[in-house]
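Colleague: I have just opened this one and would like a walk through it. Could we start with how the pieces pack together?

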Amino acid sequence: MGGEAIFVKTNVASSEDVQAFVNQTVEKYGRIDHAFNNAGVLSQQNKFADIPEEDFDKVIAVDVKGVFLCMKYELQHMLKNGGGTIVNTASIAGLIADPVMGPYVTAKHAVVGMSKSAGFDHARDGICVNTVAPGLTETPN
């Protein structure tokens with residue numbers, strides 16, 4: 001359909017990587033008007049008392065810090081351009097709890113909260129921030 005895209009390998013838990021990714025996007029296309037933050041990881045399924053700290057840290061680094069960093073640098077460019085939209089992927093687990101998924105549930109609740117906070121902070125700047133909260137869906141074979 002005549003579209004164009006670039007690929008920038010990015011560790012969303014790294015401020016330097018995210019900043020470089022956003023800057024390369026702006027260099028290539030001149031501005032950022034819309035962003036969809038969708039990176040995420042799951043942890044092993046464990047009851048809360050049995051969650052390995054490394055699993056918790058990894059999920060929080062990607063699913064929470066990654067969304068934070070992406071929004072931070074996207075918002076800075078959108079503010080210069082007079083507005084934009086950001087959509088963050090949360091999950092139904094960000095609205096309710098699922099058993100044996102403590103780190104993921106915690107992270108996705110944080111994504112919902114960060115999105116609300118950023119949305120309130122920047123609504124008058126012409127920036128709309130929302131989340132989508134997909135869940136598991138049974139489909140026919």
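Modeller: Let us begin with helix α2, residues 53-81, which lies across β1, β2 and β3. The helix runs at about 175° to β2. Please keep in mind that this is a predicted model.

Colleague: And which strands does helix α3 touch?

Modeller: Helix α3, residues 102-122, packs on the sheet and touches β2 and β3. The direction of α3 makes about 165° with that of β3.

Colleague: What order do the strands of that sheet come in, and is the pairing parallel or antiparallel?

Modeller: The order is β1-β2-β3, and the pairing is parallel. These three strands form an open sheet.

Colleague: Which strands stand at the edges?

Modeller: Strands β1 (34-37) and β3 (127-132) do. Each has a single partner strand, so one side of each is left without a neighbour in the sheet. From one strand to the next, the twist averages 15°.

Colleague: What holds strands together in a sheet, in general?

Modeller: Strands of a sheet pair through backbone hydrogen bonds, and the arrangement can be parallel or antiparallel.

Colleague: How many bridges are there between β2 and β3?

Modeller: There are six bridges, formed in the parallel sense, between β3 and strand β2, which covers residues 84-89. To look at one of them, find G84, whose bridge partner in β3 is I127.

Colleague: Let me step back. What pattern does the chain follow along the sequence?

Modeller: The pattern is α-β-α-β-α-β. In total, the protein chain has three helices and three strands.

Colleague: What does the C-alpha trace span, and how much of the chain is buried?

Modeller: Along its principal axes, the C-alpha trace spans about 45 × 40 × 30 Å. Of the 141 residues, 38% count as buried.

Colleague: What share of the contacts comes from residues 24 or more positions apart?

Modeller: Among contacts with a separation of 6 or more, such residues account for 66%.

Colleague: Changing topic: how many salt bridges are there?

Modeller: The count comes to two salt bridges. One of them joins E4 and K28, with the closest N and O atoms 3.0 Å apart. E4 lies in the segment before α1 (15-29) while K28 is in helix α1, so the pair ties together parts that are 24 residues apart in sequence.

Colleague: One last topic, the surface. Which residues form a nonpolar patch there?

Modeller: The residues are I92, L95 and I96, which together have about 260 Å² of accessible area. I96 is found in the loop between β2 and α3. At 44% relative accessibility, I96 counts as partly exposed.

Terms used:
Residues are numbered from 1 along each chain as its sequence is written. This is a predicted model: local features need pLDDT of at least 70, side-chain atom pairs count only at pLDDT 80 or more; totals for chains, interfaces and linings use all residues. Side-chain values use heavy atoms; hydrogens and water are left out. A salt bridge is a side-chain nitrogen of Lys or Arg within 4 Å of a carboxyl oxygen of Asp or Glu. Helices (H or I, at least four residues) and strands (E, at least two) are DSSP runs, numbered from the N terminus. Two strands pair if DSSP finds at least two bridges between them. Axes are lines fitted to C-alpha atoms, for helices over the stretch in contact, and angles run from 0 to 180 degrees between N-to-C directions. Contact means heavy atoms within 4.5 Å. Patches are made of residues with over 30% relative accessible area and no salt bridge: like charges are joined within 9 Å, nonpolar side chains (Val, Leu, Ile, Met, Phe, Trp, Tyr) within 5 Å. Accessible areas come from the Shrake-Rupley method with a 1.4 Å probe; for residues, only the protein chains shown count as cover. Buried means under 20% relative accessible area, exposed over 50%, partly exposed in between (1.4 Å probe, protein chains only).
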